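Morning, everyone. Let me put the model up, and then we'll go through a salt bridge, its surroundings and the core.

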Amino acid sequence: MGEQWIYLNGEFVKKEDAKISVYDHGFLYGDGVFEGIRVYHGNVYKLEEHLERLFNSAKSIMLNIPYTMDELTDIIVQTLKKMHCGMHIYAWWSLVE
């Protein structure tokens with residue numbers, strides 16, 4: 001795998017440059033949801049099902065996801081392209097508020 005990239009606050013940053021404030025609500029209180037997904041040869045396995053589960057989990061704790069499913073799909077695809085994912089990987093997506 002190439003460099004690791006993080007989508008943080010609306011932009012892509014290298015893993016080592018991804019920083020959040022110690023006062024971040026998700027950091028302080030742990031309000032968040034995550035979903036683990038598999039990627040095979042650059043293709044996300046059952047992406048729609050994963051995103052539905054992620055949105056349902058967020059709704060259950062009243063966490064607002066600031067993206068539509070289509071926008072989040074695009075962000076995930078862009079992230080994988082930046083990382084040149086051509087093999088099997090396990091990735092996770094975390095949303096905190």
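First, a term: buried means under 20% relative accessible area, exposed means over 50%, and partly exposed lies in between, with a 1.4 Å probe and protein chains only. This is a predicted model, so local features need pLDDT of at least 70 and side-chain atom pairs count only at pLDDT 80 or more, while totals for chains, interfaces and linings use all residues. Residues are numbered from 1 along each chain as its sequence is written, and side-chain values use heavy atoms, without hydrogens and water.

Now the salt bridge, meaning a side-chain nitrogen of Lys or Arg within 4 Å of a carboxyl oxygen of Asp or Glu. The count is 1. E35 pairs with R53, N to O, at 2.8 Å. E35 sits in strand β3, residues 32–40, and R53 in helix α2, residues 47–60, 18 residues apart. Helices (H or I, at least four residues) and strands (E, at least two) are DSSP runs, numbered from the N terminus.

Is E35 buried or exposed? Buried, at 9%. R53 is partly exposed, at 42%.

Next, H50, also in helix α2. H50 is buried, at 11%. Contact here means heavy atoms within 4.5 Å. Leaving out residues up to four places away in sequence, H50 touches E35, G36, I37 and Y45.

Last, the largest nonpolar core: buried Ala, Val, Leu, Ile, Met, Phe, Trp, Tyr and Cys residues joined through side-chain atoms within 4.5 Å. That core has 13 residues. V33, L51, L54, A58, L72 and I76 touch the most other members. Elements β3, α2 and α3 (69–82) each give two or more residues.
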